[in-house]
Structure formats: C-alpha cells, structure tokens
Amino acid sequence: MTKLKLKAGSRPPWVGLAAAVWVQISAGNGSNFPLYSSALKSVLGFNQQQLTFLGVANDIGESVGLLPGIACNRFPPWTVLLVGVFACFLGYGVIWLAVTQTIHGLPYWALWIALVVGSNSNAWFSTAVLVTNMRNFPLSRGTVSGILKGYSGISAAVYTVLYSSLLERSASKLLLFLTLGIPVICLAMMYFIRPCTPPSGEDSSVHVHFVFTQVASVLLAIYLIIITVIYDIVSLSDVFSYLLLAIVFIFLLAPLGIPVKMTITRANADTLTPLASSTENLAEEEGGPTHSDPLLSPSSSASNLGSFFESEYASDVETLLAVGEGAVKKKKRPRRGEDFKLHEAFIKADFWLLWVVYFLGVGSGVTVTNNLAQIGIAFGVDNATILLSLFSFCNFIGRLGSGALSEHFSRTRSIPRTLWMACTLVVMVLAFVMYALAFSGTLYISTALLGVCFGFQYSLMVPTASELFGLKHFGIIYNFMLIGNPVGALLFSGLLAGSVYDAEAAKQGSSTCLGPECFRLTFFVLAGICCIGSILGLFLTIRIRPVYQMLYASGSFRLPQGSGH
C-alpha cells in the first residue's frame, strides 16, 4: 500500500473542501439523465422499458464503485480523479455521438455500456473527495458528509440552470458539456484534493467554518430554485441569463473564502511577531529564564488524529512477522466502531441490515428520479425541469440537514443515525401513497417529501458506515453499500415501473402513457417496501445504540482505542 504524504498546515484541508465542492457538482452528472432521456427515446426510437433500462445503466455506473474504493487506499486522490475524467469523456462522448447521429446504427448494448462508463465517473469523483475529506476531518464525519453529499444532490439544479440558459435546452449541447466540461473542471481541481493534517477538534473556528459552508450552500440552493422558476416562466435576454449564471459560480466559490480568510488572518498575526520577539529579548536581558513550558499539553483528540494518520497507510508486514516470532499475539477480530476490512464486515449482521435499509430506501427513491420526466407527463406536466429542480432542492436539504441533525443528536444523546433513516422511510410511505392516489395538487408535495427523504437516506449511510466499520477501509465499504442503488433501480425501476408503464401504455394504444394509472401499482408496491425498510431501520437502531454510546460518551466523537486510530 502506498504511503501518502500529508499536507501540513491549517489551510490545506479547507482548500481541499472548497475544491471538493466543484468535484461533487461534477459527480452529480448522472442526475442529468431525465434531461436527455427524451432525446434518447425520440431520436433512437426506444420504448419506455428500453429507456428505463438505460436509466438502470446510469444508476449502475453511478453506484458501482468497488474499484475506486480499492484504489483510494492504494493511490493518491489525483489518480482516482484522473480515471473518472477518462470515464466521463469516453462514456458521454459515445452518447453524444449517438444523439447527434454522428454515428448511425449504434447498437443498444453499446449505448448501455457507454452510459455505465460515463456515469461511473461519479463513483471515481465522489469516492476520491469523500474519502479524502472525511479523513481530513475525522471528528466531523456527519457534517462533512452532509456538505459534500448536499452539493452532489443540488448538482441537478445546477445542471438544470445550465441546460435552460447556456445550453439552450439542447440535449446534444448538454451531453457535449458532460463530455468536455466536466473533465476540465476535475482536472483543474485535481491538485487541491490531497490528504492533509486535520484541524484540531478543539478549534472553535472549525465549527464556524462549517456553518459558513452550510449557509453558503443553502443560499445557493434557494437561488437555484428561484432562477429555475424564472427561466421557466419568463423569456430572458442572453446577457441577463449569463448574469444570473455568473452568480451561481460566485456561490460555488464561497467555500474558498475560508482559506482566504485564514491567510489574511495569519498575515495580520505575522505583523505582531516583532513585538513578541522584543518581549523575549527583554526577558533575556533581565536574566529571566529563556525556557518556557507549553501552556497546554496536546489534546487526546490531537494525539488520536496523529496516530490515525500514521497508521492509515502503514504496512502490516511488521505485525505479521512479529506474530510468527511469537512477539505479539494474533489480533482479535475487530469490534463495531473499529477498523474492519470488507470481508470482516461481511459476517456482521449490522453490515447487512444497514445495506438492506439503504437498498430499500434509495432503491425506491431512485425509481422516481429515473422516471421523473415520464411521471410529470403522466400527471399532465409537460416540462419536467421544475419537477427536477424541486426534487434536487429538497434532496439537497435532506442531505445537508441530515448531516447536521444526526451529528447533533449523536453527540448530545448518542442516538444512532439510523433512527433518522427509519423515520424518513415512514415519510416516504406517505409520499408514495399520495403519488398513487393522485389527489389534485399533491404531485409537487409528494416530490418534495420524497426528495428530502431520499437525501436523508443517501447522506446518513456514509457516516454510519464509517462509525460502525472505521475509516481505514471506508472507501471500499462505502462503495459496497452503494451497490444497493443500482440493485434497487434494476428491480424497482427497470422491472417493476418499466413493465407497469408499458402495460398501461399498451392499453391506451400509445408509446406514451397518460394518467395516474401509469405508475399507481408501482407506487403502492414502493410504499410497502419503505414500510418494511422502516421496521428494519428501527431494529438496526436498537442493535447499534451501544456503539454510539461508546463513541459519543464524552459528547464528541471518540476514536476507539483498539481501532488503530
């Protein structure tokens, strides 16, 4: 395993977090499928089930990240990002060639594979920045996960604004941007995503900086939903459209203000050093002692962080040799809260309970995202951009809010994050029943509720997995959890929703289905699935409560002694 050199200093972790925001927006490129799916269907002549299975390919690419998970423990982050750049360019490049009919007669299976490759760039981008930043801020995992997953969730709204303004609602221009624009952005950010020495857990400014980042992201989300509505109802000049778009980029640059502020503050502090120097000289002239003891001893958390990073990339060869010589006893199996390898986590019931709860929640939610354009048409909404932006905004609120909410209750009351997963699954039951009954005016309410709950499910799994099974092999464990996304998409979206939709469309004698019957059976089945998920989530919460009482007994995260941290 390659030993990575840590970047020292208090500013690099925040520079990396600011750069990660742009990479996470790029990692949301899979959310664009509803924007160009209609072009795939019309230009290439696909039916709804064929289109749905392309949506499954999109989900498989987004979520199958075992290779990135392994790579992030063996190679520096920039190499992981570079693989994502090539995947994005190749995959979306082929889709663009097909939609623009630059290449004719491309077989369906080739498009399916191309979409898997293109959307798989998300797994490489997201794994590189998420693993790196959670290791850079190990005492604030829930907050960091919420921020990064929040930006990934709101990326759909960013792309919708780009699609409505700069790209002139052209599917071919959108695909060209995914082919060329996203790789350029990630190449520009690559240098700044690096392992760093974490900031001290006792530093009060850390909390202030996180709050600033969260506020900036919320303001961006509100601004995006407002201008999306403006684009939909008002015809704007090019100059005004570009001005509104420029403000979006300013909001995305906001997290960079933290390291800039730290630089300015440090420069101002440096101007006071001559005064300190003269004081030391005065003490020497008066014959006072020149030796000074530190006022504060290193904190336990700082010591934990140091040992964590020292052991993170260390080889186990020395330990194995010592075992063979009888110098040390063979290691016991890790306990929950310590560092697990993937095969060690496999035999834990909590691992599979978390996977199933995540699979049921996200799998049912992704069924709606894959079919959002068709759901809108079935309910009489011709333009899906507002629905997509609403879902994206609420998804962002769920991701960001779940991080802050679960972090607060974990620290103050040792409540497992899975409790909130169970609660949001109950709300998802309500949302799917409202979809199925199709009462007047409930389409947007259901979409908003589902967006928030989907964000909770997606974001809470990340810190939960790291707390139960450690950060050392977090990359591969996290990406194995994500497999629940494409499995759910295949079963619930590809097989269930696609089949029901085509059957109802056949009854109407058309390839396009109209009316709530198109998805009614699907929504009732998904409501039942979420009900099962909520029961399992509560059961998991009861099982892992002692782990959270151990980790958060002191009111802040405590690295287990036996974890190698």
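I started at Gly 55, which sits in helix α3 (helices are DSSP runs of H or I, at least four residues, numbered from the N terminus). This is a predicted model, so I kept in mind that local features need pLDDT of at least 70, side-chain atom pairs count only at pLDDT 80 or more, and totals for chains, interfaces and linings use all residues. Residues are numbered from 1 along each chain as its sequence is written, and side-chain values use heavy atoms, without hydrogens and water.

Is Gly 55 buried or exposed? I found 0% relative accessibility, so Gly 55 counts as buried (under 20% is buried, over 50% exposed, partly exposed in between, with a 1.4 Å probe and protein chains only). Ser 493 is 438 residues from Gly 55 in sequence, yet their C-alpha atoms are 8.3 Å apart.

Next I looked for cavities (on a 1 Å grid over the protein atoms alone, sets of points where a 1.4 Å probe fits but cannot get out; lining residues have an atom within 4 Å of a point). The search gave me 2 of 30 Å³ or more.

Last, I checked Leu 180, in helix α8. Leu 180 is partly exposed at 43% relative accessible area.

Technical notes
1 Å grid on protein atoms, 1.4 Å probe; cavity = no way out; pocket = protein on both sides within 12 Å on 5 of 7 lines; lining within 4 Å. Points joined across faces, edges and corners; volume = space filled by probe spheres on them. Helix = DSSP H or I, 4+ residues; strand = E, 2+ residues; numbered from the N terminus.
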